[in-house]
Amino acid sequence: MSTMTTTMPTTAHEYGGLSRRYAAAGDPRMAQLAAWAADVHVLEELLWSNGLAEAPDPAAELAAIGETIAASIEAAAAALTDSGPTGRDLVEVAREALVSTFDPSVHQLLTDRFDDLDHLERGPGPGAVEAETRTAARLGGLAPADLVAELRIAAADCQAIADLLAGAGDLEGARRLGLQAQAASFEAHLVTSAVRAGDDALVTVDLRWDLVAGDAPTPERLASVLGSAERAS
């Protein structure tokens, strides 16, 4: 891969901030996952600004790159000792595997954009039980596909009522219902994307919602936490 030009990975910076907030709140596992998400978005934004946006199928290109990175991470994980790497160690190993996938000419460009990991705890994060609890609560006994179907129905119903309210002159009510429709549609997209990416625990759904926590769920704000390829599609 040839030398890339620089860009400002805004979404990556947001994930870095989210990682620090998780750490401050005493949730090392989510802090580690958010830090890794930041690294992935650093890579995506660099690729996007250096030609990926003009590719015939950017999503397919990203998927192929992701498979290569995943293979590098698996190889790195297999080489770990049984001494019990910390959560931070795992993020560092994954980061090194990501960088090593590319030509040495871009290694420094990537590492310069990565956030520091000083906020991550050295101890192992809790997580498996908590992740299962979060996932069960989100699914509510449904299969992911059924949850997506329900969310899309809810979005359509909310939008239909919003249109009726707008026609009757209740613009504030229409706005509230419209935001609910957008939130339901966004959730459906996030669950679908997580399943396609092999995220059976739906951790990425939590990460992305937590990025917009406290913000009005406008289409612009919701779209801002997606990757460049997702926004384009």
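Q: What percentage of the residues in the protein is buried?
A: Buried residues make up 41% of the 233 in the protein. Buried here means under 20% relative accessible area, exposed means over 50%, and partly exposed is in between, with a 1.4 Å probe and protein chains only.

Q: Before we go on, what kind of model is it, and what are the ground rules?
A: This is a predicted model, where local features need pLDDT of at least 70, side-chain atom pairs count only at pLDDT 80 or more, and totals for chains, interfaces and linings use all residues. Residues are numbered from 1 along each chain as its sequence is written, and side-chain values use heavy atoms, with hydrogens and water left out.

Q: Ok. How many helices and strands does the protein have?
A: Eleven helices and zero strands. Along the sequence the pattern reads α-α-α-α-α-α-α-α-α-α-α. Those come from DSSP runs numbered from the N terminus: H or I of at least four residues for helices, E of at least two for strands.

Q: What share of the contacts is between residues 24 or more positions apart?
A: Among contacts with a separation of 6 or more, such pairs account for 69%. A contact is heavy atoms within 4.5 Å.

Q: Let's do packing. At what angle do α1 and α2 cross?
A: Roughly 170 degrees, and the axes of α1 (residues 10–24) and α2 (residues 28–49) come within 8 Å. So the two helices are roughly antiparallel to each other. The axes are lines fitted to C-alpha atoms, for helices over the stretch in contact, with angles from 0 to 180 degrees between N-to-C directions. Under 35 degrees counts as roughly parallel, over 145 as roughly antiparallel, 65 to 115 as roughly perpendicular, and the rest as oblique.

Q: Which residues meet there?
A: From α1 you have T11, A12, Y15, G16, L18, S19, Y22 and A23, and they meet M30, A31, A34, A35, A37, A38, H41 and V42 of α2. By class, the residues of this contact are twelve nonpolar, four polar and no charged. In that scheme Ala, Val, Leu, Ile, Met, Phe, Trp, Tyr, Cys and Pro are nonpolar, Asp, Glu, Lys and Arg are charged, and the others, Gly among them, are polar.

Q: And how do α2 and α9 cross?
A: At roughly 80 degrees, with their axes coming within 11 Å. That makes α2 roughly perpendicular to α9. R29, M30, L33, A34 and A37 of α2 make the contact with V203, D206 and L207 of α9. The tally is six nonpolar, no polar and two charged residues.

Q: Back to Y22. Is it buried or exposed?
A: Y22 is buried, with a relative accessible area of 8%, and it lies in α1. Leaving out residues up to four places away in sequence, Y22 touches D27, M30, A31, A34, D206, L207 and D210.

Q: Which side chain does Y22 make a polar contact with?
A: The side chain of D210, at 2.4 Å. A polar contact is a pair of N or O atoms within 3.5 Å; within protein, one must be able to donate a hydrogen and the other to accept it, and residues adjacent in sequence count only if both atoms are side-chain atoms.

Q: What about D27, where does it lie?
A: In the loop between α1 and α2. D27 is buried at 13% relative accessible area, and a polar atom of its side chain lies 3.3 Å from the backbone nitrogen of M30.

Q: New topic: what's the phi of L202?
A: Positive, about 60 degrees, although L202 is not a glycine. L202 sits in the loop between α8 (171–196) and α9 (203–211), and it counts as buried at 1% relative accessibility.

Q: Last one: which side chain does the side chain of S49 make a polar contact with?
A: That of N50, at 3.1 Å. S49 is in α2 and is partly exposed at 34% relative accessibility.
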